[in-house]
Every structure is written in structure tokens, then in C-alpha cells.
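Please keep the model open while reading.

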Amino acid sequence: MTMATIEIPHPAIPAPAVIYALGKYRPYWYHRQNGGDGQSFPTHSGRLLDLKEARESGLSFCLKVLTDEIKATIPLALAAVPSSDAAKLRSGVQQLVTRFAPVIGGLDLGNLLLRTTSIPKLAKGGDRSIGVHLASIAANDVSRTQGRVVMLFDDIVTTGNSLAAARQILLDAGVAEVICIALGQTSYD
């Protein structure tokens with residue numbers, strides 16, 4: 001990856017594996033609190049918020065970022081960390097996976113992971129512990145990943161616990177290797 005990719009070590013992901021973030025995300029509330037307005041809000045951060053709402057502006061922006069940054073040299077299966085809402089089966093990230101998979105010749109497994117129990121939104125103060133995710137996400141038909149590395153996507157990484165939990169669930173279900181990608185890393189600078 002050529003963009004200013006941020007490698008984020010996580011205690012639940014043994015080295016040398018890391019979470020790769022493809023940019024920074026500045027929370028809007030923090031931006032406003034520090035004198036910012038809609039006009040000065042960073043474009044990457046704004047498009048990530050659009051992606052969370054599955055808006056076309058966010059989907060097309062993030063698809064371009066992925067297309068520019070990720071080139072497949074091995075067979076990949078693409079999956080997404082599921083929404084915090086168990087009833088929401090097609091999040092913006094899952095729709096992005098569906099659009100990106102054919103670009104790199106990957107297999108779209110956007111529903112490889114399912115949220116079995118809804119959890120409070122993390123951005124609204126929900127519990128960010130890894131245990132909450134391990135208890136509320138399940139793997140769905142991992143046989144489709146045979147012979148492929150799974151590239152696992154999330155929109156924004158703050159603690160990394162949702163990606164780490166989803167990765168562990170896939171490994172426990174028999175997936176051989178999982179590469180974790182976040183489109184943005186929460187930043188307060």
C-alpha cells in the first residue's frame with residue numbers, strides 16, 4: 001500500500017500482523033469543539049461519515065481510495081466487520097466490499113461475519129471492549145474462504161477491538177489468514 005498507511009499494533013493481533021488504516025478520521029464533535037466548521041472539516045473524515053450512512057459520496061470516495069491503494073497479488077476474499085445493529089445487514093462498509101471485490105478479482109463475502117446481538121453504537125459511548133464483539137459476532141459459512149486470504153474491512157478504527165475480535169472469530173472458524181484494513185483511524189490532532 002502506498003498511501004500514508006498507518007500500521008496500528010494491537011495486543012490481540014500477534015506481530016507481525018497489524019491493522020492498516022488508510023488515513024485519519026477526525027471526529028466531527030472534536031472538530032467543532034476546537035473551532036472547526038463544516039467548511040474546514042477534513043474531506044477524508046467527511047467521506048467516512050458518508051460511508052457510515054451508505055451515501056454514494058462516501059462509497060465512491062472510499063472505492064477510489066481502495067482502488068488506488070490495494071493491489072491483489074493473491075486470491076482474496078473480502079469481508080466487513082458487521083454493523084453494531086444486528087438487523088442492519090448491508091452497512092456502507094459491506095456495500096463498499098461488494099463494489100471493491102470485482103476491482104481486484106476478489107470474492108465478495110460481505111456477510112461472512114454477522115452481528116448476532118445488537119450492541120450500543122460505539123461512537124455514542126457503547127462498550128468498546130473486545131469481549132462485547134466476541135460475544136455478538138459470528139462467522140457465517142467460512143468454507144467459501146478456502147484457499148484465500150480474507151481481507152477484513154472496517155470504516156473507522158479507534159481501539160481496534162472490533163477488527164481484532166472479528167479477526168479472531170474468523171481464525172477460530174478456520175480461516176488461515178486475515179488482513180485487517182480500516183478506512184480511517186480516529187485522530188485528535
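Q: Which residues does Leu78 touch, not counting residues up to four places away in sequence?
A: Leu78 touches Val97, Phe100, Ala101, Ile104, Gly106, Leu107, Asp108, Leu109, Gly110, Met151 and Phe153, where contact means heavy atoms within 4.5 Å. This is a predicted model, in which local features need pLDDT of at least 70, side-chain atom pairs count only at pLDDT 80 or more, and totals for chains, interfaces and linings use all residues. Residues are numbered from 1 along each chain as its sequence is written, and side-chain values use heavy atoms, with hydrogens and water left out.

Q: What makes a set of residues a nonpolar core, and which residues have the most contacts inside the largest one?
A: The term covers buried Ala, Val, Leu, Ile, Met, Phe, Trp, Tyr and Cys residues joined through side-chain atoms within 4.5 Å, buried being under 20% relative accessible area with a 1.4 Å probe, protein chains only. The largest such core has 26 residues, and Leu78 and Phe153 have the most contacts inside it. Helix 3 gives the most to this core, with five residues.

Q: Why is helix 2 called oblique to helix 3?
A: The axes of helix 2 (residues 43-52) and helix 3 (residues 56-69) come within 7 Å and cross at roughly 120°. That angle makes helix 2 oblique to helix 3, because angles under 35 degrees count as roughly parallel, over 145 as roughly antiparallel, 65 to 115 as roughly perpendicular and the rest as oblique. The contact includes Leu48 and Leu51 of helix 2 and Leu59 and Phe61 of helix 3.

How values were computed
Axes are lines fitted to C-alpha atoms, for helices over the stretch in contact, and angles run from 0 to 180 degrees between N-to-C directions. Helices (H or I, at least four residues) and strands (E, at least two) are DSSP runs, numbered from the N terminus. Buried means under 20% relative accessible area, exposed over 50%, partly exposed in between (1.4 Å probe, protein chains only).
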